[in-house]
Each structure stands twice: as C-alpha cells, then as structure tokens.
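Morning, everyone. I have one structure to walk through today. Please bring it up on your screens.

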Amino acid sequence: TLTGSGECTVTVETQNGSHIIKVKLRGEHAYQFITENGTYYKKCSACGHTTSPQAIPSVEITAPERVCAGQDCVVTVGTLPSGVTVDGGFYEFELMGSEIDVNEENGVWSGTVSHEWYQPGADTFDVGIGFKTADGYFFTVKKTVKALAQHTGGTATCTEKAKCEVCGESYGELDPNNHANLKYIDAKAATKTAEGNIEYWYCSGCK
C-alpha cells in the first residue's frame with residue numbers, strides 16, 4: 001500500500017530478475033460513484049478503496065398521468081431532502097429525447113415539455129428531474145406519461161362543444177339533439193283573448 005503524493009520507485013522481483021517501476025502517487029483517491037440495490041458508494045479507481053454505502057434519497061415528482069397531443073407536460077418537485085439539489089430535467093420517447101430547464105419559483109421547481117417536441121405516434125414518454133446529493137452523487141426520478149393522439153371525454157350540447165377531460169379544451173362539433181337547458185311547457189287551452197298551445201319542451205340555449 002502506497003500513500004502520499006509525488007513519485008517513488010518500486011522494485012519488482014520476477015523469474016527473469018528484478019525490474020524497477022516508477023509509480024506516481026496521488027494525494028487523494030480517484031473516486032467513482034457506484035449504484036447498487038438502492039444505495040450508492042464511492043470506489044477509488046486507483047486502489048479500489050470504497051466508502052460506506054448510502055441510501056439513494058427518496059424524492060417525489062409530480063406530472064400528469066396523460067396529456068393530449070396539443071398539451072404541454074409540466075413536471076414539478078416541491079420539498080427536497082436535506083442536502084439534495086435539483087440538477088436539470090429531461091424527457092424520453094422511444095426514439096428521441098432531450099434535456100429541459102427546471103426553474104424554481106416560490107419553493108417549487110418545475111420544467112415543461114412542449115407538445116411540439118412529442119414523437120408522432122408515440123403512446124407514452126418519460127419525464128423526469130435530475131438531483132445531486134451533498135457529496136456529488138447524481139440520480140434521477142422519472143414518471144411515465146400517456147400521450148393521447150386526440151382529445152377525449154366530455155359531452156357536446158346544442159350550444160357548446162365537448163370539453164376534453166384531460167386538457168379542458170373544447171373540441172369537435174355541436175350536438176343539435178342534445179339540449180342542455182330544457183324546460184317543460186304544459187298544454188294550455190285557447191281563450192277568447194289568448195292563443196293556446198300543446199305541451200312541449202323548450203331549450204333556452206338554442207331557442
């Protein structure tokens with residue numbers, strides 16, 4: 001075992017004699033992070049020394065379960081564990097993906113995946129945020145979002161189009177047979193001074 005810094009010589013005895021090798025000493029370990037079974041630790045690439053395993057911090061992100069083709073996807077994270085910081089965001093389709101900016105406002109970090117970046121024909125994609133621990137370990141938390149090709153849900157009436165249950169936008173056509181504001185009118189007999197009428201339903205929306 002060699003410690004310290006600078007340079008020293010080491011004599012190695014072999015069957016063919018002895019050989020002198022010059023060895024450069026590092027003042028510090030050359031650590032690399034290793035992830036294993038929900039924990040991480042550091043291992044020196046030079047001497048193999050390892051640190052004690054640490055549990056990967058638990059962070060919960062928020063993103064919609066599904067989005068429409070014309071709807072942006074926003075991912076957020078609020079309270080962070082002690083010593084953990086936000087280090088960017090990302091999205092991943094099967095054939096494409098990229099980083100996204102994640103910014104803080106009033107204690108909430110958020111990033112947006114524009115609907116213009118969605119992969120045509122893709123049913124799902126992953127959106128996530130990257131984090132760093134106080135000792136520099138980088139990890140990500142992601143969520144799978146369902147991508148809808150068109151609006152869905154809602155009911156059209158004679159005066160209003162259906163409203164998408166996912167994004168809230170109106171879509172499609174009016175339904176002239178679905179009256180939303182019907183009022184029942186009783187039959188009334190005619191008199192000398194007023195006309196009568198049969199019983200009927202009246203829609204105050206489309207008249």
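Let's start with the overall numbers. Of the 207 residues in the protein, 24% are buried. Buried means under 20% relative accessible area, exposed means over 50%, and partly exposed is in between, with a 1.4 Å probe and protein chains only.

A word on the source. This is a predicted model: local features need pLDDT of at least 70, side-chain atom pairs count only at pLDDT 80 or more, and totals for chains, interfaces and linings use all residues. Residues are numbered from 1 along each chain as its sequence is written, and side-chain values use heavy atoms, with hydrogens and water left out.

Secondary structure next. The protein has 17 strands and zero helices. Both are DSSP runs numbered from the N terminus: helices are H or I with at least four residues, strands are E with at least two. Now contacts, meaning heavy atoms within 4.5 Å. Among contacts in the protein with a separation of 6 or more, 38% are between residues 24 or more positions apart.

Now the sheet. Five strands form an open sheet in the order β6-β13-β12-β8-β9, with mixed pairing. Its edge strands are β6 (66-67) and β9, each pairing on one side only. Two strands pair if DSSP finds at least two bridges between them. In general, strands of a sheet pair through backbone hydrogen bonds, either parallel or antiparallel.

Walk across it with me. β12 (residues 124-132) and β8 (residues 85-92) are antiparallel, with six bridges. Thr-85 sits opposite Lys-132 in β12. On β8 we also find β9 (residues 97-100), antiparallel over four bridges. There, Tyr-91 has Ser-98 in β9 as its bridge partner. β8 and β9 make a hairpin, with four residues between them. Back to β12: nine bridges join β12 to β13 (residues 138-147), again antiparallel. Phe-125 is partnered with Val-145 in β13.

On to charges. Side chains of opposite charge can pair when their charged atoms come close. The rule here is a side-chain nitrogen of Lys or Arg within 4 Å of a carboxyl oxygen of Asp or Glu. The count comes to four salt bridges.

Take Glu-65 and Lys-143: their closest N and O atoms are 3.1 Å apart. Glu-65 is in the loop between β5 (54-55) and β6, and Lys-143 is in strand β13, so this pair ties together parts 78 residues apart in sequence. Glu-65 is exposed, at 56% relative accessible area.

Another salt bridge joins Glu-165 and Arg-66, at 2.8 Å, N to O. Glu-165 is in the loop between β14 (162-163) and β15 (170-171), and Arg-66 is in strand β6, so the parts tied together are 99 residues apart in sequence. Glu-165 is exposed at 51%; Arg-66 is partly exposed at 33%.

Then Glu-92 and Lys-142, at 3.8 Å, N to O. Here Glu-92 in strand β8 and Lys-142 in strand β13 are 50 residues apart, so to speak distant parts of the chain. Shared partners join Glu-92, Asp-126 and Lys-142 into one salt-bridge network.

What about disulfides? How many does a search of the whole structure find? Zero, taking a disulfide as a pair of cysteine sulfur atoms within 2.5 Å. For Cys-68, the nearest cysteine sulfur is that of Cys-164, 3.4 Å away. Cys-68 is buried, with 1% relative accessible area. Cys-206 is partly exposed, at 38%.

Last stop, the surface and a loop. Leu-182, Tyr-184 and Trp-201 form a nonpolar surface patch, with about 340 Å² of accessible area together. Patches take residues with over 30% relative accessible area and no salt bridge, joining like charges within 9 Å and nonpolar side chains (Val, Leu, Ile, Met, Phe, Trp, Tyr) within 5 Å. Tyr-184 is in strand β16.

Ala-187 is in the loop between β16 (182-185) and β17 (200-203). Ala-187 is exposed, at 54%. Its C-alpha atom is 4.4 Å from that of Ile-198, eleven residues apart along the chain.

Technical notes: Accessible areas come from the Shrake-Rupley method with a 1.4 Å probe; for residues, only the protein chains shown count as cover.
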